[in-house]
Each structure stands twice: as structure tokens, then as C-alpha cells.
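Please keep the sequence and the coordinates at hand while reading.

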Amino acid sequence: MDIPALHTLTNGIIIGICLSVSFGLVCFKQMAHAVNPKYRRACHFFIAASLIIAAGHLAELLVDGFGVYRSLDLFSILVLVLASSQALMFTFMLILLFDSRYVTFANVMKHAVPSLVFILLYVVSCCIEADVCVYSLAEWRACVVHNLPLAVRTLFGVTYTVQLFVYIRLFFRKKRHYITHLKELTGECISKLELRWTMRAFLYALSIGIGAWVLLVCPGPIPEFSFSFLIVVFYPAFAWLYTNYHYTYEMLRRFIVEQDGKLTQPPLEADMGDLICYLQSGDSNHLFEELEAYLQKEQPYLDYNFKRDDLIKALGTNERNLSAAVGCATGLTLQNYLLRLRIRHAMDLLLLPDYANHTIEDIAGASGFKAMRTFNRNFRELVKMTPTEFRQQKSVL
């Protein structure tokens with residue numbers, strides 16, 4: 001089989017594998033019925049990553065033509081876009097298991113901004129000057145100073161290399177913090193709770209990142225087909241490993257719920273670290289009592305500039321332990337617990353004769369709400385009526 005035919009066959013296999021993995025996860029019943037919404041979100045990330053790879057290789061076939069092989073050049077923009085997007089997705093997918101609070105839209109965008117900026121710069125540079133293909137270090141040296149698109153691609157490649165090291169450090173830091181929560185636990189389930197398979201999954205993902213880097217600086221048939229082989233092996237293996245999280249998470253949640261009513265059912269938003277806090281020997285009831293005493297005395301939540309970090313510092317704890325204490329005592333997340341305190345305070349003000357002449361806006365501000373829309377929406381969701389209806393109904397009674 002000649003190289004063009006092998007190239008077409010390899011791309012076809014990758015497209016088939018990635019689409020099969022995506023379809024398999026969509027049809028995976030455990031994912032659809034998973035209790036933890038973060039797990040479903042992570043699976044959706046993986047589906048998106050698989051589809052991106054499939055789309056990228058399909059685009060390569062359509063641009064080059066079936067049965068045609070055109071070797072990638074140094075710092076190929078296609079490889080850079082695919083590699084940077086995959087590195088971002090897989091890093092945050094695994095961090096989601098250890099520290100779901102870190103996986104926010106703001107943090108994802110913060111790490112994605114460099115790639116987005118370089119993609120935009122590359123498009124703009126191509127409008128100014130035509131890109132050139134370079135297949136050797138000598139050609140690159142001769143053209144990089146005089147060709148703007150090639151210079152942008154080169155800087156993109158350097159940035160991608162730096163990002164790989166950032167992702168490695170970020171992953172190990174989050175995993176180390178997660179493991180510290182297991183120190184006080186004992187039992188047969190500890191080996192599962194350590195999520196040792198995530199290290200293998202991360203190494204698999206890292207091999208894809210390193211393979212992409214090699215392909216960037218040493219293009220050719222052998223590196224390209226080797227990289228394609230890594231993708232074919234990686235996606236099914238990663239999908240199989242990631243399903244382990246569902247079984248481990250559900251096992252731990254059932255164990256907590258079955259503790260003879262000692263613990264309330266954890267919130268749906270609780271991640272693995274939160275569940276582990278439920279099992280730790282620390283007295284979460286004592287922490288919740290300290291929280292209640294502090295909130296009743298200081299009422300800091302009535303200031304709309306109040307932040308959870310202020311509460312954590314005042315109690316000398318961390319967000320995970322505080323969230324677990326609130327969850328154990330109330331079955332609510334810390335955010336929902338504070339929201340209910342604000343709504344309850346607003347209800348009290350609406351019933352006080354001294355506030356009869358105060359507007360709803362005044363009461364919302366005095367209850368810690370900065371925006372009336374937020375206040376009305378949350379009040380209606382919790383009380384099942386608007387603040388005005390609540391005031392009128394109670395005045396009649």
C-alpha cells in the first residue's frame with residue numbers, strides 16, 4: 001500500500017474511532033442517568049473533543065483530497081489548533097474529578113485565550129501575506145523572519161510547549177490537594193477513591209500532547225502515522241478509563257446515604273472531594289454550628305459585596321470543608337444556603353410594619369441583593385410568589 005492510500009485509510013480509521021466513541025458515550029445509559037451533573041458535563045467535553053478530532057481529520061481529507069498525501073510542514077496550524085484544544089479539554093476533564101470548583105468558564109477561557117489569540121493573529125496575517133510551507137530547519141530559518149504567518153505559527157508552537165508544562169503542573173497540584181483529603185480515611189475503598197486510573201489517563205493524554213509537539217517540529221510520514229496510531233489507541237482507552245469515575249462516585253454516594261441516617265444526602269453538585277469530606281473524622285457539625293453562630297451575629301450576607309472567601313477566612317477553614325459541613329447539616333450547597341438566609345431576611349422585612357413604606361428595591365438591597373432581577377427570580381423560586389404578592393397576602397392576613 002502506497003503512502004497516499006495509507007494516509008487516507010489512517011484518517012478514515014481515526015474518524016471512525018472518534019465518531020464511535022462519541023456515539024458510544026451518547027448512548028451510555030450510566031452517563032445519561034448519572035447523579036452528578038459534573039460527570040455528565042465532563043463526558044460532554046470528551047464527546048466534543050472526539051468530534052473535534054474527527055472534524056479535523058475529515059477537513060484534512062477534504063482539503064487534500066482522498067488518495068492524496070501532503071506532508072504537514074513545520075508548526076502546522078492544523079496540528080496546533082487540534083493539539084491545543086485537546087490539551088485544554090483533557091486537562092480540565094481530569095481536574096474536574098479532583099476540584100470541580102476550579103473548572104469554571106472563566107478559568108477555561110483564561111487557558112484558552114492564548115490559542116484563540118494566535119488563531120486570530122494567523123487569520124489576520126494570512127490576509128496580509130500568503131503563508132509558506134517549510135519542511136526543514138534551513139527553510140524555516142530563511143523564511144520565519146520575512147513571513148508573518150510562519151512567525152505567528154512559530155510563536156503559537158512555543159506557546160503550546162509552555163502550556164503543556166502549565167497543564168502538567170496544574171494537574172499534579174490539583175491531584176495532590178485531592179489526595180490530602182484522604183489522609184484521615186481508612187477502609188477498603190481508599191484505593192478506589194485515590195482515582196489512580198487518572199494518572200494513566202493523564203499520561204495517555206500527555207503522550208498525545210508530546211506526539212503533537214514532535215509532529216510540529218519533525219513533520220513527515222513516520223511521525224504523522226505514529227501520531228495517528230496514538231489517537232486510535234488513546235480515545236477508546238481514555239473513554240473506558242473515564243467511565244470508572246461514575247462507578248466510584250456512585251459507590252461513595254450510596255455509602256454515605258446508607259449510614260443509618262447519620263448524614264443527609266449530599267447535594268447533586270457535590271464532587272468527589274466533597275463526598276470525602278463527608279466521611280472525614282472531623283466534626284462537621286461543630287463547623288456548621290460555628291457558621292450559624294457567626295452568621296446570626298454578624299449577618300455578613302446582607303452586604304451584596306460579601307464573598308464566600310470572606311466567610312471562609314472568618315471561620316479559619318476552607319471552602320471544601322465548609323461546603324461539606326453545610327451539606328451534611330442541610331443538604332444544600334453553601335451558595336444556596338446563603339441565598340435562603342437572604343430571602344428569609346427579605347420576608348421578615350416585608351412583614352415588619354416599620355418597612356411598610358419601603359419599596360421592594362429598598363428591601364432587596366437591605367437583604368444583600370444588588371440586582372432586582374436576581375432578587376425577584378430567587379424570591380419567586382423559593383417562596384412561589386413575587387415579593388409584592390407576598391407582602392399583599394400577609395397584610396390581608
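**Helices, their packing and the loops between them**

Helix α1 covers residues 3-26, and at 1.5 Å a residue its 24 residues should span 34 Å; the C-alpha atoms at its ends are 34 Å apart, so expectation and model agree. The model is a predicted one. Within α1, the buried residues are H7, T8, T10, N11, I14, I15, C18, V21, S22 and L25.

The protein chain as a whole contains 18 helices and zero strands. Of its 397 residues, 47% are buried. When contacts between residues at least 6 apart in sequence are considered, 71% of them join residues at least 24 apart.

The packing of the helices comes next. Two packed helices are described by the angle between their axes and the distance between the axes. Helix α4 (residues 77-98) and helix α10 (residues 221-257) pack at about 20°, and their axes are 11 Å apart. An angle under 35 degrees counts as roughly parallel, and α4 is therefore roughly parallel to α10. The crossing in which α4 passes α10 is left-handed. On the α4 side, the contact involves Q86, F90, M93, L94 and L97, which meet F234, Y235, F238, Y242 and Y245 of α10. Sorted by class, the contact of α4 with α10 comprises nine nonpolar residues, one polar residue and no charged residues.

Helix α4 also packs against helix α9 (residues 197-217): the two axes come within 10 Å and cross at roughly 165°. This angle makes α4 roughly antiparallel to α9. The crossing of α4 and α9 is left-handed. From α4, the contact draws on V79, L80, A83, F90, L94, L97 and F98, while α9 supplies W197, T198, A201, F202, A205, A212, L215 and L216. By class, the contact of α4 with α9 has 14 nonpolar residues, one polar residue and no charged residue. F90, L94 and L97 of α4 take part in the contact with α10 and also in the contact with α9.

A further pair is formed by α5 and helix α7 (residues 148-180), whose axes come within 9 Å and cross at roughly 170°. The helices α5 and α7 are therefore roughly antiparallel to each other. Residues H111, P114, S115, F118, I119, L121, Y122, S125, C126 and I128 of α5 meet a set in α7 consisting of L148, P149, V152, R153, L155, F156, T159, Q163, V166, Y167 and L170. The contact of α5 with α7 divides into 15 nonpolar, five polar and one charged residues.

Attention now turns to the loops. V134 is located between α5 (105-128) and α6 (137-143). Its relative accessible area is 1%, so V134 is buried. In sequence, V134 and L72 are 62 residues apart, yet their C-alpha atoms are 9.0 Å apart in space. Leaving aside residues up to four places away in sequence, V134 touches D73, L74, E139, W140, C143 and L150.

Most residues other than glycine have a negative phi. F75, although not a glycine, has a positive phi of about 55°. F75 sits in the loop between α3 (37-64) and α4. With a relative accessible area of 12%, F75 is buried, because buried means under 20%. Q299 likewise has a positive phi, near 50°, in a residue other than glycine. The loop that holds Q299 runs between α12 and α13. Q299 has a relative accessible area of 32% and is therefore partly exposed.

P300 is found in the loop between α12 (284-298) and α13 (308-315), the loop that also holds Q299. Is P300 buried or exposed? Its relative accessibility is 16%, so P300 counts as buried. Apart from residues up to four places away in sequence, P300 touches Y294, L295 and F306. P300 and L338 are separated by 38 residues in sequence and by 10.0 Å in space, C-alpha to C-alpha.

Key
Residues are numbered from 1 along each chain as its sequence is written. This is a predicted model: local features need pLDDT of at least 70, side-chain atom pairs count only at pLDDT 80 or more; totals for chains, interfaces and linings use all residues. Side-chain values use heavy atoms; hydrogens and water are left out. Axes are lines fitted to C-alpha atoms, for helices over the stretch in contact, and angles run from 0 to 180 degrees between N-to-C directions. Helices (H or I, at least four residues) and strands (E, at least two) are DSSP runs, numbered from the N terminus. Angles under 35 degrees count as roughly parallel, over 145 as roughly antiparallel, 65 to 115 as roughly perpendicular and the rest as oblique. A crossing is left-handed if the near helix is turned anticlockwise from the far one by less than a right angle, and right-handed if clockwise. Contact means heavy atoms within 4.5 Å. Ala, Val, Leu, Ile, Met, Phe, Trp, Tyr, Cys and Pro count as nonpolar, Asp, Glu, Lys and Arg as charged, and the others, Gly among them, as polar. Buried means under 20% relative accessible area, exposed over 50%, partly exposed in between (1.4 Å probe, protein chains only). The expected span of a helix is 1.5 Å times one less than its number of residues.
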